[in-house]
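The exercises below are meant to be worked with the sequence and the coordinates side by side. Each one sets a task and is followed by a solution in steps.

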Amino acid sequence: MAKYAAALDQGTTSSRAMVFDQSGGVVAVAQKEHEQIYPKPGWVEHDPKEIWARCQEVLDEALEKAGAGTEDISGLGITNQRETTVVWDRNTGEPVMNAIVWQDTRTDRLVDELGADGGQDRFRTKVGLPLATYFSGPKVRWILDNVDGARKKAEGGDLIFGNIDTWCIWNLTGGTDGGLHITDVSNASRTMLMDLQSLSWDEEIAGTIGVPMSMLPEIRASSQVYGEVKTGKFQGVQLAGDLGDQQAATFGQTCFSEGEAKNTYGTGNFLLLNTGHEAVQSKSGLVTTVGYKIGDNKPVYCLEGSIAITGALVQWLRDNLKMIKAAPEVEKLAQSVEDNGGLYIVPAFSGLFAPYWRSDARGVFAGLTRYVTAGHVARAALEATAYQSREVVEAMDADSGVKLESLKVDGGMVANDLLMQFQADLLGVPVIRPEVAETTALGAAYAAGLATGLWNSEDDLRNNWREDKRWEPKMDAKQRDEYYKYWKKAVTRTFDWFD
């Protein structure tokens with residue numbers, strides 16, 4: 001009798017496999033990093049074959065660590081870095097080039113060209129997204145335009161596209177030998193090619209962007225049995241869940257009711273608010289996205305505030321500036337000073353995402369003086385995450401008309417007490433961390449376990465949610481507003497760096 005659900009969480013910097021029990025507790029975890037490839041400024045790539053190799057390794061390792069067999073696993077769910085784009089040959093399984101990562105800005109000229117007729121919101125009413133370098137559709141077009149012979153092969157039906165979920169599912173279910181070419185509604189809603197109402201590919205938009213329909217995967221629900229795993233130690237396990245990472249975290253945080261929100265602190269930050277069965281169009285710089293769809297039920301939509309660089313800024317301090325040896329050390333360094341010393345860091349490494357959508361922006365250090373030390377830099381780096389999150393919360397309040405009363409948080413950075421306290425101070429509401437902070441993997445496991453009978457309903461999942469810690473705001477409003485004023489000033493300094 002199956003007693004566990006498993007998840008493959010393919011993230012921006014690493015792949016992780018986790019096994020969970022019926023109470024949502026962690027039974028086993030295995031994780032491996034993969035290479036970040038930067039061919040030019042603003043370009044970010046991953047090797048899809050390396051990612052697939054890491055995924056196989058962590059899946060096998062997690063099952064071993066759990067001391068479990070395939071008969072113990074009711075289902076496997078997939079969750080993934082969402083807009084990262086892979087194009088490969090369906091006959092050979094070979095990618096035509098590296099995956100173009102969601103942070104990559106190489107499509108900026110193409111995005112501007114597409115926006116020349118109708119502006120940044122040209123497709124927004126249908127797809128919920130502004131024209132931006134972030135999303136997959138223009139990335140596919142770039143690959144077809146820039147890889148020799150790719151356009152011809154795509155039009156001949158030999159090349160197929162997928163975000164990382166699709167690439168993993170295709171390989172897990174047989175690859176060139178009958179692999180499933182599918183995605184779910186949450187991932188499809190990040191391509192710029194899916195109609196939010198019909199949940200189907202929009203042929204007209206695909207034609208305008210320049211993506212042949214034959215390349216696109218079949219769109220399925222987020223929680224349903226798709227098929228069986230045909231490789232590795234998970235062979236024979238039902239593959240039954242697929243959610244983009246931020247929707248998976250929303251699912252793992254059990255934000256099933258309209259008005260519930262969560263913020264994930266990872267490579268970037270992503271705040272999602274459940275808007276129920278209505279796709280609310282944002283007037284404040286957020287995106288409208290599909291949250292999830294369980295089986296034949298109606299889809300649930302979310303408003304999302306996407307921030308490109310948060311945890312990645314700490315990695316930059318570690319890898320590029322060599323200020324720390326490991327990411328967790330940033331907290332101790334930041335605690336060595338009382339405040340930011342007047343320094344503000346706006347990490348617009350990939351332009352600015354929500355609520356600005358400025359691909360012409362680049363990062364700045366503002367307010368630098370001789371007084372500033374490494375401690376101030378570390379503190380300003382952490383504070384940048386909280387400031388960007390406040391901007392998104394304000395946009396969310398404006399769009400939804402609902403004032404945030406508390407914020408559920410998850411992801412790697414929520415172990416940082418200094419950051420979480422500053423976030424509560426800056427928002428003026430409690431910040432609450434659950435017992436299982438890795439809610440992305442948990443959400444994917446929940447989707448798989450719901451489809452395969454390990455859990456019977458959303459109520460079963462709600463009952464699993466347990467609070468671990470909360471931070472209450474301590475800063476007075478005057479101080480908060482003063483800090484925020486300088487942040488907003490610093491942000492304006494990033495604009496128009498590129499013509």
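W357 is found in the loop between β19 and β20, where helices (H or I, at least four residues) and strands (E, at least two) are DSSP runs numbered from the N terminus. The model is a predicted one, in which local features need pLDDT of at least 70 and side-chain atom pairs count only at pLDDT 80 or more, while totals for chains, interfaces and linings use all residues. Residues are numbered from 1 along each chain as its sequence is written, and side-chain values use heavy atoms, with hydrogens and water left out.

**Exercise 1. Backbone geometry**

Task: describe the backbone at W357, at L199 and at the bond between A354 and P355.

Solution. W357, although not a glycine, has a positive phi of about 55°, and W357 counts as buried because its relative accessible area is 8%; here buried means under 20% relative accessible area, exposed over 50%, and partly exposed in between (1.4 Å probe, protein chains only). Next, P355 lies in the loop between β19 (344-346) and β20, and the peptide bond that joins A354 to P355 is cis, with omega about -5°. Finally, L199 also is not a glycine and has a positive phi of about 55°; L199 sits in the loop between β10 (194-195) and β11 (200-201), and is buried at 16% relative accessibility.

**Exercise 2. Cysteines**

Solution. Burial is then read from accessibility: C55 is buried at 0% relative accessibility, and C168 is buried with a relative accessible area of 0%.

**Exercise 3. Salt bridges**

Task: locate the salt bridge between D245 and R82, and name the network in which these residues are linked.

Solution. Side chains of opposite charge can pair when their charged atoms come close. The criterion used is a side-chain nitrogen of Lys or Arg within 4 Å of a carboxyl oxygen of Asp or Glu, and the structure holds 37 such salt bridges. The side chains of D245 and R82 meet at 3.4 Å, N to O. This pair links distant parts of the chain, with D245 in helix α9 (residues 245-252) and R82 in the loop between β5 (73-80) and β6 (85-89), 163 residues apart. D245 is buried with a relative accessible area of 12%, and R82 is buried at 2%. Salt bridges link R82, E83, R190, D245 and E304 in a network. For practice with another pair, take R106 and D104, whose side chains meet in a salt bridge at 2.9 Å, N to O; R106 is buried at 7% relative accessibility, and D104 is buried at 1%.

**Exercise 4. A buried asparagine**

Task: which backbone oxygen does the side chain of N274 reach, and is N274 buried or exposed?

Solution. N274 belongs to strand β16 (residues 269-276) and is buried, its relative accessible area being 2%. Its side chain reaches the backbone oxygen of F256 at 3.3 Å. Contacts (heavy atoms within 4.5 Å) are then listed without counting residues up to four places away in sequence, and among them are C255, F256, Y292 and C302.

**Exercise 5. A surface patch**

Task: which residues form a nonpolar patch on the surface, and where does L368 lie?

Solution. Patches are made of residues with over 30% relative accessible area and no salt bridge, like charges being joined within 9 Å and nonpolar side chains (Val, Leu, Ile, Met, Phe, Trp, Tyr) within 5 Å. L321, F365 and L368 form the nonpolar patch, and together they have about 260 Å² of accessible area. L368 is in the loop between β20 (364-366) and α12 (374-400), and L368 counts as exposed because its relative accessibility is 52%.

Definitions and conventions
Areas by Shrake-Rupley, 256 points an atom, 1.4 Å probe, with all protein chains shown as cover. Polar contact = N/O pair within 3.5 Å; in protein donor to acceptor, adjacent residues only side chain to side chain.
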